[in-house]
Structure formats: structure tokens, C-alpha cells
Amino acid sequence: MNSNEGLRRRATTGLLYLLAVVVYFQWLTATPFGHELIGRPAGGQGLGLTFNSMLANLLQGRFDVDPATVGTEGFERDGLVYAYWGILFALLRAPLLLWPQGLGLDVTCLSCLVAVSLGAFVKVKTLRLVFRQAPRSGAVDLLYWILLVTVLFAGPQIQFLKSSLYVEVCLWASTLGAAFVYCAIRGLLAERFSIALLSSMAAFAGLALMARVSMGVGLYAATALLLLSMLFLPLASGQRSGESSMPLPAWHALVRPAILLPAAVLLSFAVLTGFVNFERWGDPLVFADYQAYIMNAEHPDRLPRTAEYGLFNLSRIPFGLVYFLMPVWVLLRNDGRLVLEEHQLRLIDSTELPPSSFLLTDALLAALLLFGIWSLARTGPWAAAQRARAALVGAGLGASCLLMLCAISMCHRYRLDFYPFIEYGAFVGLVFLLQRREPLSGVLKWSAATMSALSIGASQLTLVMYKLSDYGPGVGWLDRGFAGYYWHQIVMAFPSLARFSPT
């Protein structure tokens, strides 16, 4: 690619990215489903001010929050009310201290916009990194533009743009996961993980642990497996494929800075998170004491369910696969009850709307993920050690997916915990696809374009349903059926459509 072509590609990529940010802004703020980018709730109350309150109390050495902000989402212990969300989001609000009465501003919507925009930027950067090493051809260029549009206008960048504190937490965790994936792909392409790169990955894992523990667990597992691979895989000691030097012994690798510094970063964040947990719950290993959950008063069935099955249980995996991949659970049976309703009520606190599937909203990424898994199991341009390392990182990221499949609640926003695994696998699959000697076929190009269109359309539709959906257990909302519920929600949002309601 000559300099003019490269400049045009960068300029067009930048314009598409700016267009995407405008789209994110419109979805988050436009009526009737939008919110103010920055608001000031009356009386200094409301869930959107929870992290403001957390910041104010942290400055005083306290870890509780104002009960008037967190409401029933709080946990009452020893006369104080705590939030279970990580302190990272309180620290992100530190700039509000520069404004008079800045802690009275609700910046949840702004924070969501920043998170999703940063996430998109990192994913575009990862995509450009992969294509930078690809051979140039018209087919490769077309695939680049298809994937760029998919990354910006489908999947996690679109279907969660419903401003709320719940979504903000998950969006930031997903963005940290995207940054981790960028570092992992960069190291794999270079066939070398430098101390700075490994330390960055450890830092992103630590920040994720301070944001959302399920995401943090996946990033910690991936980083730990990568560091452990340096004890046994030759390339991890710094040599590249084809070099004749012997691998370093395991004991020697243990004392190398490439191991020690990232491990120290992981340990530091773990200690800090454990300290926060201890101050909140009296136990460094507890992230939330659900015995103290204020919302238990509204849902008396939850404590017995938690006692019997726990917060995470492998028996929930079959329904979790249905929820995330084949959402037939929203359909009514002949007796007027939901498909699998008894299973939901026995095992799960809340199965939230809307129905969705990664196979629709992320069809193209899912196809590349499967190709990546298949390619890692075969011989290819990467050495065996490099493929093993890539597989280990993917296995670690899969820990977050496993937690969500086992969780006591299944919510639409929890899908964001899957995306580091999905996107990492998709980028690995893309690397193998672009390194094939055979040119990209016409069938592949048309298939990629079709799956991209499906992903974009399904993601936009899912977002509309998400904005129309109530929070809380879907079992309580679908007594009129799936179509009846959403028609009612549409009429509530657009009263002028009531005259078209069926009698």
C-alpha cells in the first residue's frame, strides 16, 4: 500500500469512527429513550449519584454510600449501607471535584458514552494492527471495511446503549477487556511479550477486578496462564520461531522481570481489592454479602435459592446456553406459562429481557471465532508454542463466560462479559485467515458481508427492545406473551400508536 492509499484508509477509518461516536451519542441521549448527558437530580438523590457518594466517602476514609442514592440496590451492614460495585467508578468521577457542587452532577450517561467510544477506538486499533501485516489485495481491503463497519455498528458497541449505572459498569469492564485483547494480539503477532506489554495486561486485569469481578476473573486467569506459559514455552523466553537457542529453565524464568513485574501488578490490585472487600464486608474474599441485600425484602424467594444453589452453579449452564444463544425462553406454552419457567424459578433470581443471541448480533465475529479455534488446533504459520500460548489466553478469557453461564441472575448487560473471549477468538481467526496462501474467495466475501449486515441489523433491533424493556425478571412481564408485551411498551412510549392496538 502506497502512502496515499494508507492516508486515505486512515482518514476514512477516522471518519467512520467519528460517525459511530455520533450514533452512540444519539442512541444514549435522544428521546423518548435517552437521558441527559449530564444531569443534576433534585435533592441529590437517585441511583446515578451512587458513585458520587462513594467518592465523597472515600475521601473521608469510608467505604459506605448514601442510602438515598443506592436505594434498594444497597447492602446494609452494621447500620451503614454499601454498594457492591467496584470503587473504580468512584475514582473516574474525581474530575467532578474541580467544579462547585460537582458531586451533585449525574454523569452516568456521559460515562457510558466515553466507555463505549473508547472501546470502539481500541477495537479499531486492534483491527488495523491485524491488517497491517496482511498481504494487500482488493479482497483483503474489502474484508477490512466489512469488519470495520461491523466492529463500530454492531455487537457490544450498539446493543447496550441504554444509559444506567448498571450498564455503565459493564461497558467499562468490557472496554478494559478490549484493551487487554489488543495487548494480547499485539504480543502474539510480534511473537514476543515485552515486560511493558505484560505489565499493561496485568494493569488492565487489575482495573477490571476493581470494576466488575466477573470480568476481572477472566482477565486475571488469562494473564496468569500467559505468565505460566513462560515457564515452559520456548518463545516466551524471548526467542523467535526458528532461533536455535535453548529455552531458559523454569526456575530461571521465575526470577525474570518479565514474570515478576506483571505478577507484582496483579498482586497489588488483588490486595487493594481485598482491602476494599474487607472494609465493606469484613472478608477480603467476599465481593458482596447477599444476606445483607436490601432488595431481599422485595424478593423473599432469593435467599432460599441462594442458600440452596449459590451465586454460581454448574446446573445453570444448560439454561444459560439457551438464554445467550437460543432465547426460546420468552415463548409461551399452551398453558400460558413460559417455556422452561419452572427451571427459571427454581434456579435463577432474574432472567431479564430482551431476548437475544450472539449468533445473530455477532454472526461474523462468531464465525471468525470458530475458525480461530479450528486453526489453533491445526498446524499453521505460528509455531506450536505460539499456538499454545494463544489458546491459553483464550481459555483464561473463557472463565468470565463460564461465570455468566452459571450466575444466579441472567441479564442482557451480562453479555458484555463474553466479548473479550469472542473478540479475541475472532481476531485470532482473522490472523489465520489473512495468513492463508489461498486468495479470499467470492463466497467468503459475500458471506462476510451478509453476516455483517445480519449483525448490524440484529444489534440495532436488540437495542430498541432493550430500551423498551423493564428491568427485573422477565417471567413477571411476559404474561401477555412476547409480542403483547413489546406492543404495550411501544404504545407506552408512543401513545399516538394506541389507536392501532388490536382489540
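Strands are DSSP runs of E with at least two residues, numbered from the N terminus. By this criterion, residues 75-77 of the predicted model form strand 1, and Arg-77 belongs to this strand. Apart from neighbours within four places in sequence, the contacts of Arg-77 are Tyr-82, Glu-279, Arg-280, Trp-281 and Gly-282. Helix 11 spans residues 257-281. Thr-450, by contrast, lies 373 residues from Arg-77 along the chain, and the C-alpha atoms of the two residues are 53 Å apart.

The chain as a whole contains 20 helices and four strands. Its C-alpha trace extends over about 70 × 55 × 50 Å along the principal axes. When contacts between residues at least 6 apart in sequence are considered, 76% of them connect residues at least 24 apart.

Helix 7 comprises residues 165-190, 26 residues in total. The distance from its first C-alpha to its last is 38 Å, close to the 38 Å expected at 1.5 Å a residue. Most of helix 7 is covered, with 24 of the 26 residues buried. The residue that follows helix 7 is Glu-191, which has a positive phi near 55°.

Helix 7 also contributes to the largest pocket, supplying at least two residues of the lining. The space in this pocket amounts to about 1,000 Å³. Its lining consists of 46 residues, and those nearest the centre are Tyr-84, Arg-212, Ala-288, Tyr-290 and Tyr-414. Besides helix 7, the helices that each provide at least two lining residues are helix 8 (195-211), helix 9 (213-229), helix 11, helix 12 (302-309) and helix 17 (384-406). Helix 11 gives the largest share, namely five residues. Classified by residue type, the lining of the largest pocket is made up of 29 nonpolar, ten polar and seven charged residues.

Notes:
Residues numbered from 1 in each chain as written. Predicted model: local features only at pLDDT ≥ 70, side-chain atom pairs only at ≥ 80, totals over all residues. Heavy atoms only, no water. Expected span 1.5 Å × (residues − 1). Buried < 20%, exposed > 50% of the residue type's maximum accessible area, 1.4 Å probe, protein only. Contact = heavy atoms within 4.5 Å. 1 Å grid on protein atoms, 1.4 Å probe; cavity = no way out; pocket = protein on both sides within 12 Å on 5 of 7 lines; lining within 4 Å. Points joined across faces, edges and corners; volume = space filled by probe spheres on them. Nonpolar A, V, L, I, M, F, W, Y, C, P; charged D, E, K, R; others polar.
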